[in-house]
Amino acid sequence: MGKNLFIAEKPSVAKEFAKALKYRMSTKDGYLESQEAVVTWCVGHLVTMSYPEAYDEKYKKWSLDMIPFIPEEFKYEVIDSVKKQFTIVSGLLNREDVDTIYVCTDSGREGEYIYRLVEQQAKVKNKVRKRVWIDSQTEEEILRGIREAKDLSAYDNLSNAAYLRAKEDYLMGINFSRALTLKYGYPVKTFLKADRAVISVGRVMTCVLGMVVNREREIREFVKIPFYRLLAGINIEGKKCDCEWKAVEGSKYYASPLLYKDNGFLEKKTAEEFIDFFSEEPVAVPRIEKIEKKKETKNPPLLYNLAELQNDCSKLFKISPDETLRIAQELYEKKLTTYPRTDARVLSTAVAKEISKNINGLRQYEIVRELAEEVLKGGSYKTIAKTRYVNDKQITDHYAIIPTGQGLGSLNGLSPTSAKVYECIVRRFLSIFYPAAVYQKIGLTIEMKGEFFFSNFKVLSESGYLKVAQYSFTKKKQDKDEDEKKDNEEENGQEEACDVSFMEVLKNLKKGTELTLQSLFIKEGETSPPKRYNSGTMILTMENAGQFIEDEELRAQIKGSGIGTSATRAEILKKLVNIKYLALNKKTQIITPTLLGEMIYEVVAGSIKPLLDPRLTASWEKGLTMVADGSISADEYMTKLDDFVTRRTNMVKQMNNQSALNSRFRYASQFYKK
C-alpha cells in the first residue's frame, strides 16, 4: 500500500499536521517522513505567472505597438528564491510510493491557487488527490479535515476563480500600466521633476485610490454652515436639565427658511430675538406636555469577520489592517482562534452543536474565567443555534473568527498587542451567549408659549452582554462609548445618561406639571465635513462596496462581494502606501492621497474612468464568486475580461489628451504645498 502525502502552505502548519497524525516522523530536507506518510510544505507561492518577455523577447520593451497583450495560453514559472523547495515538493508529489495527496494549503481561494500551480508545474499525474478543508489548527479539526477530505475535483470551480483572479490582475496590470505609462508617464514625470514615472493601476487598488481622492475632494469643497440652537435650562426636582427647542408643527418657525434643519437658526440674531419672545409678557412658564416611557434593547454584536476585526483594531490600537491580519494569522497558527480570512460573522449549525468545547476551554483563560463558567452554568449555549448568530446560508468558506478554547499555553509568548487582539475576539464571542443590554428611556416634551422643547433621558437597567464587553486594557469609560454618545447627540439631539434615582423622579412626573425655567441660552454649532477614511473604515468600506451603488438591483447583485476579498484588502492598502499614492498616518491610521496619487487619479479619470468606479470592481468580484459557485463558466468570464482589457487598452492608445492634464495637476498641487 502506498504512502499518503500531506502538503501544507507553510512549514509551521505542516508541523501541526505531522503532530496531529501521531506517526513517528523523521526530519528530512524540506519534509517529514514516517513509514505511513510524508508531510511537506510550500513557503507561500512557489510558482508565479511569467512576465511578457517569457513569451517573446520583444515584449521586454514597453511599446504601444505590443499591447494589448493577451496570451492564448498563460505561462508560469518557479519563483527563483524558492526553487529548492519546489524541487523537493515536486519530487515528493511524483514519487512512485505516494498514491494519495492530501492538499492542506489554506482553506480559501488563494490557498487553492498555491497548490494548483505547484501541481501544474510539477506535472503530477495518476494520483488520488484529496482536499483538506479546516477552520482551525486544533488537533481535532485537523483530523476531522483529513477524515472528511473530499476529492480535489470538488474544488475545481474555486480553482477556476483563483486562476481567473490572477489572470485579471495580470492582464489589467500589464496592459493598463504600460498603456498609461507610455501615454502619460512623461507629463507626470515632468510635472513632478522626477527621473521617471511608472503609472501602476489595478482592478482593486485604483478603485480604492479613487475612493480616497473623492473623499478628500468632498472635504476640500465642503462649506461649513454655522447654526444656533436654543436650549432651556429647566429645574426638575432640584436638577437642572437642558431641553432643546425644535420647530415642530404649530411653531412660529415651522418649515421656516431661517432654520438649519428643524432645531437651529442660520442667524444668531434670529435666535436672540426668539429668546426675547419668551421673556416678554406673559413670561414663559414651562409645562410638561408629554412623557414618553420606553424600553430600548441593545443586542450583542455579530461575531468578528476579518474586516470588523481590522476596523476595531485600527480604532483601539491604531494598527494597520495588514498588522491585524498578521496577528490574526499568528493566533490561528498558535491554535488560539479559528481561520482569520473570513467574511462571515456567524457560526455554522455544526459548530454550534459543539460550541461548549470552545467555552469550556476559556475557563483556563484567567481574564474571562468567571464569564465562561457563568455561560456554561446558564446553558444559553444550548439554544444558540436558534439565534441570529448561527446561519449556514451566510457562510461561504468559513464561519466567523472565534476562540478555539485551546492553545492557551501560547498566550505568554504573545506580544502585548496580539494578546489584546485575542481578548477582543474572546469577549466578542462570549457576549453572544448573554442577553441584550436594556435601557429605560424617558422622553419629555415641554411647552412654553406654544413652542416645544425636548429632552431625552436614559439609564442602563440591565447590563446584559455589556459586562462582557469591558476590555481589561481600557478604562471603564471607553473611548468607544464617547464616540457613540457623539453620534447619538447628532442623530437624536439632547440625550442625557442619568442615575436610577433620577429616572424614578422622571417616571412620577405628570402631564401639565409646571416646572421652573432657570435659563434660555444659545448653543453654537456648525455642520461637519465628511470624515477621512482611517485604515479600519477603509477596509469596511471596501467590504461594503454596495453603499456606493444607487441602483438597487446591482446593489443586491453584488451583495457579499465587496472590493477585493478579506485575504487581499490589507495588502492592497499597503501597496498603495508603498508606491506613495496614499499616505498613512501611523499614529492615527488616517489615510490621505499624495500629490502623486491625485495625479494618477486624474490620469485614470481621463483614460479608463471605470477603474475608479466601485460598481465595476465589485461586479468583477461578484463574477469571480459566481465562477467559484458554478453559476457561470470560466470561459464566459474570460471572454468578458479579454473584451474589456482589449477595448480599453485600444481606446487609451488613440487618446491625445496629455496636455489637458497639466491644468488638473496644477490645481491639485496647491493642496500639497509644504
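User: Which residue in β7 is the bridge partner of Phe6?

Analyst: First, the general idea: two strands pair if DSSP finds at least two bridges between them. Helices (H or I, at least four residues) and strands (E, at least two) are DSSP runs, numbered from the N terminus. Here, the partner of Phe6 in β7 is Tyr102. This is a predicted model, in which local features need pLDDT of at least 70 and side-chain atom pairs count only at pLDDT 80 or more, while totals for chains, interfaces and linings use all residues. Residues are numbered from 1 along each chain as its sequence is written, and side-chain values use heavy atoms, with hydrogens and water left out.

User: How many bridges join strand β1 to β7?

Analyst: Six bridges join β1 (residues 3-8) to β7, and the two strands run parallel. β7 is also joined to strand β8 (residues 128-131) by four bridges, again in parallel. In β8, Tyr102 has Lys130 as its bridge partner.

User: What unit do β7, helix α3 and β8 make?

Analyst: A crossover is right-handed if, with the strands pointing away from the viewer, the path from the first strand over the helix to the second runs clockwise. β7, α3 (residues 109-122) and β8 make a right-handed β-α-β unit.

User: Why is β7 described as largely enclosed by the rest of the structure?

Analyst: Buried means under 20% relative accessible area, exposed over 50%, and partly exposed in between (1.4 Å probe, protein chains only). Six of the seven residues of β7 (residues 98-104) are buried, so the strand is largely enclosed by the rest of the structure.

User: How many salt bridges does the structure hold?

Analyst: A salt bridge is a side-chain nitrogen of Lys or Arg within 4 Å of a carboxyl oxygen of Asp or Glu. The structure holds 50 of them. One of these joins the side chains of Lys3 and Glu33 at 2.6 Å, N to O. Lys3 is in β1 and Glu33 in strand β3 (residues 31-33), so the pair ties together parts 30 residues apart in sequence. Lys3 and Glu33 are both buried.

User: Which side chain meets that of Lys315 in a salt bridge?

Analyst: That of Asp312, at 3.9 Å, N to O. Lys315 and Asp312 are three residues apart in helix α8 (residues 306-317), so about one helical turn separates them. Lys315 is partly exposed, at 38% relative accessibility, whereas Asp312 is buried, with a relative accessible area of 7%.

User: Which residues are linked in a network of salt bridges?

Analyst: Arg109, Glu110, Arg165, Glu168, Asp169, Arg203 and Glu621 are linked in this way.
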